[in-house]
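Subject: Handing over the structure

Hi,

Here is the structure I promised to send you. Please have a look at it first, and then read on for what turned up.

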Amino acid sequence: MMAVDHDTIASRLAASGYVTAYLGKYNNGYDCSYVPDGWSIWRAFCRLTPTKPVTLIDGVRTQFLGHSDDWMAREAATIIHRTPIDVPLFLMVSSVQPHTPHDPHRRHRGLFTGAMVPRTPAFNELDVSDLPPFLQKPLLTPTQIATLDLAWARSLEEMQTIDELVEGIYSALRDSGRLDNTYLIFTSDNGAHFGEHRFREGKWMPWETDIRVPFLMRGPGVDAGREEAAMIGLVDVAPTLLELAGVGAEGMDGVSFVDVLSGGHGRRSAMPIAFWTVQYALHWRGVRTESHTYAEWSPQTRVLFDNDADPYQLDNLAFLPDAQELLEKLRAQTIRLFTCRGPNECRE
């Protein structure tokens, strides 16, 4: 990511007259040694702790006391109010939370005492013999389950400062007169599993819990309360916002979903999915289609789920003889999506 952060939505919007502001967590490994191109206002964390984060503020390394979400709420409101109403503004705010090690603000601790991870059919799954051997974990113990429940409650508590952060940004946009002419997006960079398929807390698997994230959007032409089933990915956000701003998105791999905002069906039928290790080595890759999830650790080590018939992904179809044709089709699609360039090649 950092090797290509000279050409981003920020650099393209800045070239078109936007004030561009960044607050919070940047890429993993960011060390506060530089400010990426295109950002008018830069407030990025280089120590990812929710309290007392080390921050690069417009090139000056500093540390502030208090909770990072509270600080970002104040900074965001200040940026919104200080930017003239006739100057276009792009603001990106990235919270560290919810994240391990869980550390909710003290004012929210205890709000969800006793909360438990949803006991879906996938939670501590009874039979994992259909998974590749290295994914066949032992049943979770009562102690491990109690640890998961506590992490779940802490995550809910951590979300409270994010709720307040979102409310603060909304209020600043409303009070400054920008709200009716602004698109707001709320999403996340990944999901997480909490005991599904016997896995303890994490985010590195092709389960639906891990690869699907919340995505809410508000703005001109977006009907309140409408839900859409169109397939989109985070890589599609930049070209979408650039199109809405009337700025070119040439050369980007993402596919604009502007048509979805007016009730269209979207332009994707599949999304590439993958996990890279801490050393940024590819661990597994695959594809999520409208009905199936496919992932491979090697050509011989694979999983395949029919998400329509099996929404909790309890039955790995990869070993079934009658699934081999579909497996090879999805493997070819995976290879193509991981080598394509540009929206026309990468949309399916």
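A word on naming before anything else: helices (H or I, at least four residues) and strands (E, at least two) are DSSP runs, numbered from the N terminus. Please also keep in mind that this is a predicted model.

With that numbering, D58 sits in the loop between strand 3 and strand 4 (60-63). D58 is not a glycine, yet its phi is positive, at about 50°. Its relative accessibility is 42%, so D58 counts as partly exposed. D58 is also one of the residues touched by W42.

Leaving aside residues up to four places away in sequence, W42 touches Y22, Y26, Y30, Y34, V35, P36, L56, I57 and D58. The largest nonpolar core has 24 residues, and within it I9, Y30 and W42 touch the most other members. At least two residues of this core come from each of helix 1 (9-14), strand 2, strand 3, helix 5 (237-244) and helix 6 (258-261). Helix 5 is the biggest contributor to this core, giving 4 residues. Another core lies apart from it, with 19 residues that include V19, M72, A73 and I80. As background, nonpolar side chains in soluble globular proteins tend to be buried together.

Two of those residues, M72 and A73, bring us to helix 2, where they are both buried. Also buried in helix 2 are S68, D69, D70, W71, E75, A76, I79 and I80. The cover over the buried residues of helix 2 includes strand 1 (19-25), strand 2 (41-45), strand 3 (54-57), strand 5 (89-94) and helix 3 (142-176). Helix 2 itself runs over residues 68-82, and its end C-alpha atoms are 21 Å apart, which agrees with the 21 Å that its 15 residues should span at 1.5 Å a residue.

How do helix 2 and helix 3 lie relative to each other, roughly parallel or roughly antiparallel? Their axes come within 9 Å and cross at roughly 10°. Angles under 35 degrees count as roughly parallel, and helix 2 and helix 3 are therefore roughly parallel to each other. On the helix 2 side the contact is made by D69, D70, M72, A73, A76, A77, I80 and H81, and on the helix 3 side by E158, T161, I162, E164, L165, I169, A172, L173, D175 and S176. Sorted by class, this contact has 10 nonpolar, 3 polar and 5 charged residues.

Helix 3 has 35 residues, and from its first C-alpha to its last it reaches 52 Å, close to the 51 Å expected at 1.5 Å a residue. G177 follows helix 3 and has a positive phi, near 85°.

Finally, some backbone details in the loop between strand 5 and helix 3. Most residues other than glycine have a negative phi, and most peptide bonds are trans. P98 is in this loop, and the peptide bond from Q97 to P98 is cis, with omega near -5°. With a relative accessible area of 15%, N124 is buried.

Enjoy looking through it!

Best wishes

How values were computed:
Residues are numbered from 1 along each chain as its sequence is written. This is a predicted model: local features need pLDDT of at least 70, side-chain atom pairs count only at pLDDT 80 or more; totals for chains, interfaces and linings use all residues. Side-chain values use heavy atoms; hydrogens and water are left out. The expected span of a helix is 1.5 Å times one less than its number of residues. Buried means under 20% relative accessible area, exposed over 50%, partly exposed in between (1.4 Å probe, protein chains only). Contact means heavy atoms within 4.5 Å. Axes are lines fitted to C-alpha atoms, for helices over the stretch in contact, and angles run from 0 to 180 degrees between N-to-C directions. Angles under 35 degrees count as roughly parallel, over 145 as roughly antiparallel, 65 to 115 as roughly perpendicular and the rest as oblique. Ala, Val, Leu, Ile, Met, Phe, Trp, Tyr, Cys and Pro count as nonpolar, Asp, Glu, Lys and Arg as charged, and the others, Gly among them, as polar. A nonpolar core is a set of buried Ala, Val, Leu, Ile, Met, Phe, Trp, Tyr and Cys residues joined through side-chain atoms within 4.5 Å.
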